[in-house]
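Let's take a walk through this model together.

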Amino acid sequence: MIGIDAYYGCRCWTKFRNFRLILRLILSFALYFIFHLTYAQPLVETPTTLNNCDFKIISTQVVKVTDNSDQIPQTGWENIALPHNWDIAWKNYSGTAWYKILWQRHCNSKVAQVQPAAFVVDRINMAGAVYSNHELLWHDQSMVEPLSRSWNIPRMWILPASTLNSDTNEILIKVIGVQTQASGLNKIVFNSVDYITQLHQQYILERRSTYFINLIITLVLGLTGLFIWLFRRKEDAFGWFALTSLFWILFISNILMTKPLPFTDTLLTSRLNIIFLLGYVSCLCLFSWRFAKQRYQRTEYILFGISICLAILLLVVPLPYLKNTLLFCFIYSALVFFSNCLYFQWLAYKNRSAEIFMLAAVFIIFIVICLHDVVIYQANIHAFLWLPFAAPVTSLAISCILAWRIAQNINQVELFNKKLSKTVETITLDLEQSLSKKYQLEANNMRLQERLNLAHELHDGLGGSISRSMILLDLNDNIDKAQMMSILKLLRNDLRQVIDSGSSFGSKVPDNPVLWAAPVRHRFVQIFEEMDIHSTWQMPTAWKNTPSMIQSLTLARVAEEALNNIVKHSQATEVKVTLYENEQACLILEIQDNGVGFDAASVQQGFHVGLHSMQVRVQRLGGDFEMLSTVGETIIRTSIQL
């Protein structure tokens, strides 16, 4: 036992060391990946001059208009600074606003002066149109409800030198927005084509590509969890993970989609987006609890009850209260998310399972990502958000968890195979011993059966011959030497027949029924004549179906025993022996006499050893043995199926 405990202790210590290594790899890779992409040197450094040209924004102005026409307002402009958020500057405003950006380019050479310029707009929320020097450059596909949702697409335009003024240029941006949606205009940058192209690519990476990669990874992980749950329903944690991935995909699609959901408008899409967030948080809790093999039935009912109530509230709340309701639901989701992430650390500490520790590490990274992005958003810092990196971290963790499970299952299979091999060896040894004992028992039974068969043969064969010889000696007072030698030779032949009957090998069935009955008839006819018994023998001249040796011998023994009983007990004067085969291929032997009869029931009780022995012999071959006895008529009938 000490050796086994030491063995398993070493295995557990090895597993713990492997787990710590895997956990360190997850954390190190995740943190390196995030910090490298976010805090490495920027893709584009902002120059003061490029191509001997200076770009300067002179002023940024905005004006609200009451209609959605393309008529450019002439009055009401007010100076602002970008980014401009309507929810902060104009509370509860939905409608249209125009932005006017005046800018200049000063080049030090004529060659630079004829080069095109470019500018990039970080974000136009919700829909809009862009003009350069009163010339339309671009507009969203839908400028009325349902509005286009290209708010998270950075856009750039190249301005040929021929379209630019030598002094001041004007960019007009028309924005159609909806309250509660942070409508407005983000940062705008003017510079050379090369610089703006690089900056635009960086914005696309931050605003679009990383989120698209997040969505694809989440989709793959969700399908993986779904298939695991479909093929193994006991893994309900992966079913909840698939549902969690679905709600996250629906939630993050708000950032990527450019058109509203079917049969919705901007506000309904916003309501549904927060409902998807509520569903994501609730399913994430269920996934983490099931993964830790925990069930909190009352808490789960309360959690889903609150989520359903909030979802209904979001769908029916009037517009004046929508902003506060959206904010409340978002804060509630964030609190549930953080609470679950922190509580899972306690579950990991309590269970001390490698898989749970891996997921706990992922939740710690989630907390760091969320705190970073909240600080960046609230402080209005222009930095790379970490939210898109949640999916790669999750992918790495789930891959490690699945790999860990596969390794654990393989170890269990190997351990089971070792135990199975030892068990098979033990059972094989026990089976060999059991078979050896069974063989010895069967050998002993065979010896006893042979002895019993020999006893029956001696009784039915030699015993009958001795009985007949005794009757002959009793009937004849003067026996000469020749008669005595004949009797002794007959006894010798019967003994040889008994010995030969112990095996059917080398024996031969008589060619026809007459030859089969000849030895029995020869032995009893002389006795019958001296006892004044008239005998009749009816035999077919040929076999229809030849019996086997054991069947032939059994019928001969039945005939000898029945005739012996007639000589000794029946006091009969008529004996009839008949052998025939019926249509069912049964060979039937009938022996009939007109003696005093006997009690047939006593044979069943074992009081007549000879007849009972005959009955057992016949039944052993699957035949029938019948006895009908009354005063004046006794019939013994034996039938054997050929």
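Setting aside neighbours within four places in sequence, Ser150 is in contact with Ile124, Met126, Trp138, Asp140, Arg155 and Thr258 (contact means heavy atoms within 4.5 Å). Before going further, keep in mind that this is a predicted model, where local features need pLDDT of at least 70, side-chain atom pairs count only at pLDDT 80 or more, and totals for chains, interfaces and linings use all residues. Residues are numbered from 1 along each chain as its sequence is written, and side-chain values use heavy atoms, with hydrogens and water left out.

So where does Ser150 sit? Look in the loop between strand S8 (135-139) and strand S9 (155-159); strands here are DSSP runs of E, at least two residues, and helices are runs of H or I, at least four, numbered from the N terminus. Ser150 is buried, with a relative accessible area of 5% (buried means under 20%, with a 1.4 Å probe and protein chains only).

Now for the sheet. Five strands make an open sheet with mixed pairing, in the order S13-S14-S15-S17-S16 (two strands pair if DSSP finds at least two bridges between them). Strand S13 (534-538) and strand S16 (624-630) are at the edges with a single partner strand each, so one side of each has no neighbour in the sheet. Inside it, S14 (574-581) and S15 (586-593) pair in the antiparallel sense over seven bridges, and Leu579 has Leu589 in S15 as its bridge partner.

Notes
Buried means under 20% relative accessible area, exposed over 50%, partly exposed in between (1.4 Å probe, protein chains only).
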